[in-house]
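Please read the following note with the sequence and the model open beside it. The points are numbered so that each can be checked in turn.

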Amino acid sequence: MGQRKPGVVRGYLVGTVVSVLLWSVASAQLRYSISEEVNEGTVVGNIAKDLGFDKSTLKDRKYRIVSSDADSLFHVNQNDGILYVSRKIDREEVCAQSSVCVINVKTVLENPLEVHYVEVEVLDINDNSPIFPEEEKTLEISESAMPGTRFQLQAAHDKDGGQFSVQQYKLSSNDQFRLEVKDKRDAIKIPILVLQKPLDREATESHSLILTALDGGKPPRSGNMNIIVKVLDVNDNAPVFSTEVYSITVNENAPIGTTIIRVNATDLDDGRNGEVIYSFSNGMNKNILNTFGINSATGDISVTGLMDYEEKDEYEIEVQASDRGAAPLKTEKSVIIKVVDVNDNAPEIEITSFSSSIPEDSRPGTTVAHVSVNDLDSGLNGKVICNVNEDVPFTLSPSLKDKMFSLVIKSPLDREKRRHYDLTITAKDAGQPPLSSEKTISVMVSDVNDNRPEFTQSPYIFYVSEGNDLKVPVFSVKAFDEDENENALISYQIVRVGNEDNMWTSFLNINSETGDIVALKSFDFETLKTFQFYVVATDSGTPSLSSNVTVNVFILDQNDNPPVILYPVSSNGSAEGVEEIPRNVNAGHLVTKVRAYDADIGYNGWLLFSLQEVTDHSLFGLDRYTGQIRTLRSFTETDDAENKLVILVKDNGNVSLSATATVIVKLVEPKEAFAASDVKSAAKDDESDNVTLYLMITLGSVSVLFLVSIIVLIAMQCSKSTDYTSKYLQETNYDGTLCHSIQYRSGDKRYMLVGPRMSIGSTIVPGSHANTLVMPDRRRTSEEPKMRGFSEK
């Protein structure tokens, strides 16, 4: 041997020392055994007792398990050194298929360091059943397989070992197969399936078996596997047709592609040996091959060419059925096809002498078009019946010549109801089944001037404020004509009659194209309150047609008249008067009454009185509605003998107008007052003549209007309907001043123009300049009442 180097010698010495030290800290091994699946906390062994440790030093020396794998399965108590199971142990999980399952547990003590190994053997229990690799196994065996043929199967597996592993197999009872078991060196048992009798797929296509594996437990555990044996076919059967004789009739006009018959053959074999394909036999006539075809998969025979009954009325076809086996087997069968003559020509329609547009005043019987039909078939198949759709005012009239018709008007036409017709002419032959054809033509109905213009309202009622703008149309009428083009072009004109009732038409001008009406003179309510005229609408047709409408116009009052003082009036015409009263009159004594008149009506004519100037406010009072001046208290010696009162009279318009009157009140002694009254009364007789005349005329006019209104109202009520009432009624509501009160109605609203005292429940109409009140109308509004004195066309 060669001499060793010093470094190598030193390495051997160090290794030897380490080995000695490790040997000094290691101790003898212990071995325990437990069964798998024991409960958590089960005692494995007392390590401290078995190794001779002092229990009092275990905790101080930190006695513990240091093996990572064993640490999760076992734990040691530092107080007494007993080894416990930490959780349930599954031997098959920990040791897999090992025959002996030993778990090494490494424990240590410190100060000084000591290492002790403990072996724990986990004993097996029969807690697992045999399992086959597949729950179901399919075997394919040809029906030509000989008895004694062997088929090796996969062995079952049992996680348990030893006597608890698979020990035997059993096969379910059957007549075709038996079971053999082959033992291998590693104690694995292999099941083998052995064929006992020949297989016949046509008798039984498959066999179902159950293979059972049993282990050595008591009682034994078992596992099953289903075995499906599919019998594979061999080509030992020829196709067989389902019908002995095939015969079919087909119409000569059967469309190309029409399936006329299906032949069917079956083969008892399976797979390709049982798949049947169809074809025409060899040597078939070329004409037949051009007329018919066969689907090789389904056996459908269809039309592939044109058939003509006059050329050939019957075909005989040889059909061949063959399987797809390696050595295919064939069968042939004849198919008889009889051709049936059919009505295969539809009628043809031809339109001649057609008028696409006809006047709406054409008489019934007028010919619109000539229709001719033709059918290439003969006999009943060529007999044609022709008609037009029933929902039109046209009909087909047969002519003397066969298959010729005239399209004529059946009933009067009206373009305004319908201006276009789509006429569908149908021709149908008498064949079985009948064939028909249709042709649609469009007929337009041209217009004639057969409709008069119609106004949108009749009569028209307009409300116009007095003082209207002469440049702006005050109202407008509108008419429409159901005709078209020139026949519907409308012009307007005012009917001017040379009498006093229609004198206002001379101040009206109408736009002949639009119907807008312009007043050439402003209206004055105080002069004219209502008038009526007529408008004629004429179309441009030849001859032209026209219609007229009544137009009722009501003038609405505006506040354009200031109040007029009727009393007091002095000799020079000014509103000034002198009143003498005794000093000894009491409070409330009527001094005088200021009277005034306003030509306007409603709020515009509603007058209010107020003291604009007075010498002593404590002496006299003025009623704002009646104009009465009364004393407020008795007179004293210190009161002035003469007092001046200036009274302001104004109306209630939006922009009120006013007038003033002056009353001089003189206080006299009673005797003087009596004498003065005689003289004054005589003077007043002369001075008041003019005032009385004006007052009488005014009151007379109001009374006459009121009486006329009452008479008209009674007459209309007696004539019948509660729906009809006067639109223009006079009403006197006067207390202290003269004013107008007029009622009228438009549509579903009733209007009242009133003076100072208004009717309770009335409301002011917006836009009426505060002089119109709307009365609640409790009558029906479905019809408009006629105006008194107005005729309606």
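Predicted model: local features only at pLDDT ≥ 70, side-chain atom pairs only at ≥ 80, totals over all residues.

1. A salt bridge is a side-chain nitrogen of Lys or Arg within 4 Å of a carboxyl oxygen of Asp or Glu. Side chains of opposite charge can pair when their charged atoms come close.

2. Residues are numbered from 1 along each chain as its sequence is written, and side-chain values use heavy atoms, with hydrogens and water left out.

3. The protein contains seven helices and 55 strands. Both are DSSP runs numbered from the N terminus: helices are H or I with at least four residues, and strands are E with at least two. The accessible surface of the protein is about 43500 Å², and carbon and sulfur atoms hold 50% of this surface. Such areas come from the Shrake-Rupley method with a 1.4 Å probe, and for residues only the protein chains shown count as cover.

4. Of the 793 residues in the protein, 41% are buried. Buried means under 20% relative accessible area, exposed means over 50%, and partly exposed lies in between (1.4 Å probe, protein chains only). As for contacts (heavy atoms within 4.5 Å), consider those in the protein with a separation of 6 or more: 65% of them are between residues 24 or more positions apart.

5. Asp300 counts as buried because its relative accessibility is 15%.

6. Glu244 pairs with Lys333, and their closest N and O atoms are 3.8 Å apart. This pair also links distant parts of the chain: Glu244 is in the loop between β15 (240-241) and β16 (246-251), and Lys333 is in strand β23 (residues 330-340), 89 residues apart. Glu244 is exposed, at a relative accessible area of 66%, whereas Lys333 is buried at 18% relative accessibility. The side chains of Glu202 and Arg201 also form a salt bridge, at 3.2 Å from N to O. Here Glu202 is partly exposed at 27% relative accessibility, and Arg201 is buried, with a relative accessible area of 3%.

7. Why is strand β13 (residues 206-215) described as largely enclosed by the rest of the structure? The description applies because seven of its 10 residues are buried. Two strands pair if DSSP finds at least two bridges between them. Strand β10 (residues 166-171) pairs with β13 in the antiparallel sense over five bridges, and Tyr169 has Ala213 in β13 as its bridge partner. Strand β14 (residues 222-232) pairs with β13 in the antiparallel sense over nine bridges. Ala213 stands opposite Gly223 in β14. The strands β13 and β14 form a hairpin with six residues between them.

8. An open sheet has four strands in the order β25-β31-β30-β27, with mixed pairing. Its edge strands are β25 (357-359) and β27 (384-388), each of which pairs on one side only. On average, neighbouring strands of this sheet are turned by 30° against each other, direction ignored. Strand β25 and strand β31 (residues 436-446) pair in the parallel sense over three bridges, and Ile358 stands opposite Val445 in β31.

9. Asn561 lies in the loop between β40 (546-556) and β41 (564-567). Its side chain makes polar contacts with the side chain of Glu526 (3.2 Å) and with the side chain of Asp560 (2.8 Å). A polar contact is a pair of N or O atoms within 3.5 Å; within protein, one must be able to donate a hydrogen and the other to accept it, and residues adjacent in sequence count only if both atoms are side-chain atoms. Not counting residues up to four places away in sequence, Asn561 touches Glu526, Asp598, Ala599, Asp600, Asp651 and Leu657.

Methods. Axes fitted to C-alpha atoms, helices over the stretch in contact; angles between N-to-C directions.
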